[in-house]
Amino acid sequence: TVTFLPAPVVSAGPDVTVCENTPVTFMGTGADNYDWSNGIADGQSYVPAVGTYEIVMHGYDATNCFGLDTVQLIVNPLPIVNAGPDQVICEGASTVLAGSGANTYDWDNGVTDNVAFSPAGTLTYTVTGTSVAGCENTDQVVVAIEEPVIFQITTNSETGCEPQVALLFNQSTG
């Protein structure tokens, strides 16, 4: 007489898509013990590298019968966001900030990507770029306001007879 024991019906859970540097935890259901591929431990989080993985889980019941399930893990890279070089502009002048390296951009301090604005003072602006896959990364740029130049020239004598020798003094600032 041969008795066939039923294999446990196990689940590795739904497929998972995350962004780079995001911890992932897999937990099997339907069995007593679980053995995962890729060195994964049941119920313990880890941070996978960028890539696409097919992860196999074997679930064992008390009679050592097993069922298996697979789950796909996709780890998308973070966008390499660039806010551009730091800027120095004159007081009252306008500038444009434009992010690159992502699909969409969200700036702080009321800035809109690629739209001119006039900063009131020196400030650091942060842009959050989002990739097509929904992954976000940030970068910063400093827009500094240069103090206005105060142009002032004085002389030691405003009038005189020919040949007049006048000394000019630069007392400008900025």
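This note covers the disulfide, the other cysteines and the aromatic pairs of a predicted model.

1. Disulfide. The model has one disulfide. It joins Cys19 to Cys135, with an S to S distance of 2.1 Å. The torsion about this S-S bond is about -95°, so the disulfide is left-handed.

2. What it connects. Cys19 and Cys135 lie 116 residues apart, and their pairing links distant parts of the chain. Cys19 sits in strand E1 (residues 16–19). Cys135 sits in the loop between strand E7 (123–130) and strand E8 (136–146). A disulfide is a covalent bond between the sulfur atoms of two cysteines.

3. Cys90 has a relative accessible area of 49% and is partly exposed.

4. Aromatic pairs. The count comes to three aromatic pairs. One of them is Tyr60 with Phe66: the ring centres are 5.6 Å apart and the planes meet at 50°, so the pair is tilted. Tyr60 is partly exposed, at a relative accessible area of 23%. Phe66 is also partly exposed, at 41%.

5. A buried aromatic pair. Phe117 and Tyr125 form an edge-to-face pair. Their rings are 5.5 Å apart, centre to centre, with 70° between the planes. Both residues, Phe117 and Tyr125, are buried.

Technical notes: Residues are numbered from 1 along each chain as its sequence is written. This is a predicted model: local features need pLDDT of at least 70, side-chain atom pairs count only at pLDDT 80 or more; totals for chains, interfaces and linings use all residues. Side-chain values use heavy atoms; hydrogens and water are left out. Rings of Phe, Tyr and Trp (its six-membered ring) pair if their centres lie within 6.5 Å; planes under 30 degrees apart count as stacked, over 60 as edge-to-face and the rest as tilted. Buried means under 20% relative accessible area, exposed over 50%, partly exposed in between (1.4 Å probe, protein chains only). A disulfide is a pair of cysteine sulfur atoms within 2.5 Å. Helices (H or I, at least four residues) and strands (E, at least two) are DSSP runs, numbered from the N terminus.
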